[in-house]
Amino acid sequence: MNEAFTTRIVTAPQPGGPQALSVEEITLDPPARGEILIRVVAAGVNRPDVIERMGFYPPPPGAPKGLGLEVSGAVLALGEGVNGFDIGQQVCALVAGGGYADIARAPAGSVLPVPESVDFVAAAGLPETVFTVWTNVFEAGALKPGERFLVHGGSSGIGTTAIQMAKAHGAVVIATAGTPDKCEACRRLGADHVFNYREDDWVEGVKVSGGADVILDMVGGDYVAKNLAVLNRFGRLVQIAFLKGSRVEVDLMGLMLKRQTLTGSTLRARSHEEKAALAQAVRAHVWPWVEAGKVRPLIDSTFALAEVAKAHERMDSMAHAGKILLVP
């Protein structure tokens with residue numbers, strides 16, 4: 001297929017706030033070997049998009065132009081060598097860029113069919129969060145049924161997904177959030193213990209509740225030492241972001257004595273092969289939870305693509321609970 005396509009994308013020509021975002025139109029080449037073009041029905045807005053907008057998260061080499069890391073939509077065109085997908089099929093995908101668009105480009109290995117139990121638009125809220133939680137909590141953190149799992153930012157896109165996945169796995173779930181409403185949202189999703197970090201002494205609360213065996217943290221800063229303090233013997237702390245800074249000072253004696261593990265990872269820069277293997281693990285282990293209604297995307301709000309600045313303002317406000325979506 002040699003047909004080229006026209007699509008809108010969102011860029012940040014100069015780093016800055018939400019108003020730095022610009023919608024532009026480009027010509028998209030046909031899918032290369034191993035690629036799929038997707039007619040987007042919705043795209044997820046994620047914290048890494050904000051960091052990229054601010055100029056601190058450059059896309060990896062070869063990534064499609066524009067912001068956006070996850071989409072749902074219909075298969076528009078198939079590149080050479082792509083099997084197992086049909087034109088028009090409903091899919092969702094993890095992309096390395098260019099998800100805020102009418103048409104997105106994705107490696108076939110990072111594309112999954114939309115589960116029948118999930119709304120087509122809402123499915124855009126699955127890939128980035130589900131892939132992130134699986135690789136960090138279940139692979140790196142090796143969470144086991146019956147263990148105690150703590151997630152900070154429990155009402156965020158990552159947090160709401162992590163609560164549900166850990167609960168479906170049979171873990172005891174602990175979450176922190178910043179308002180009473182957000183704490184209640186965490187409880188509705190299945191969290192067994194929830195602490196308002198603005199009002200509660202969450203460190204003492206987690207200790208009294210039995211500590212944590214696995215922690216997923218996006219805060220960093222002084223939370224690192226606090227996390228290690230509540231982490232049980234042989235516990236695993238997985239770091240995926242640093243809202244309070246990546247430079248920390250901690251006493252590692254406790255880590256040594258309790259034989260804890262501190263690790264971290266990023267997702268976007270991984271190879272196509274790594275992401276394909278991760279997609280297959282998600283399809284095998286998480287999609288059955290989704291089909292059974294145990295895991296579902298929690299949608300906070302939707303905005304038209306032309307209102308992308310408003311979507312980022314919502315993200316920056318940290319008032320949201322669940323996913324923010326763009327609908328072209």
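Hi everyone, let's start with helix H4: its buried residues pack against H3, strand E9 (172–177) and strand E10 (193–196), where contact means heavy atoms within 4.5 Å. Before going on, a word on the source: this is a predicted model, in which local features need pLDDT of at least 70, side-chain atom pairs count only at pLDDT 80 or more, and totals for chains, interfaces and linings use all residues. Residues are numbered from 1 along each chain as its sequence is written, and side-chain values use heavy atoms, with hydrogens and water left out. Helices (H or I, at least four residues) and strands (E, at least two) are DSSP runs, numbered from the N terminus.

So, which residues of H4 are buried? In this helix, residues 180–188, they are Lys182, Cys183, Ala185 and Cys186; buried means under 20% relative accessible area, exposed over 50%, and partly exposed in between, with a 1.4 Å probe and protein chains only. Looking down the axis of H4, the buried residues fall within an arc of 155°, so they line one face of the helix. That arc is taken from the directions from the helix axis to the C-beta atoms. On the other side of H4, you'll find Pro180, Asp181 and Arg188 exposed. After H4 comes Gly190, with a positive phi near 120°.

Now to H3 and its partner H2. The axes of H2 (residues 127–140) and H3 (residues 157–168) come within 9 Å and cross at roughly 55°, which makes H2 oblique to H3. Axes here are lines fitted to C-alpha atoms, for helices over the stretch in contact, and angles run from 0 to 180 degrees between N-to-C directions. Under 35 degrees counts as roughly parallel, over 145 as roughly antiparallel, 65 to 115 as roughly perpendicular, and the rest as oblique. Who makes the contact? From H2 the residues include Val133, Trp134 and Phe138, and from H3 they include Ile158, Met165 and Ala166.

Most residues other than glycine have a negative phi. Phe234, in strand E12 (residues 231–239), is not a glycine, yet has a positive phi of about 65°; at 47% relative accessibility, Phe234 is partly exposed. Met318 is not a glycine either, and its phi is positive at about 60°. You'll find Met318 in the loop between helix H10 (308–317) and strand E15 (323–327), partly exposed at 43% relative accessibility.

Last stop: Asp201, in the loop between E10 and helix H5 (202–209), is exposed, with a relative accessible area of 52%. Thanks, everyone!
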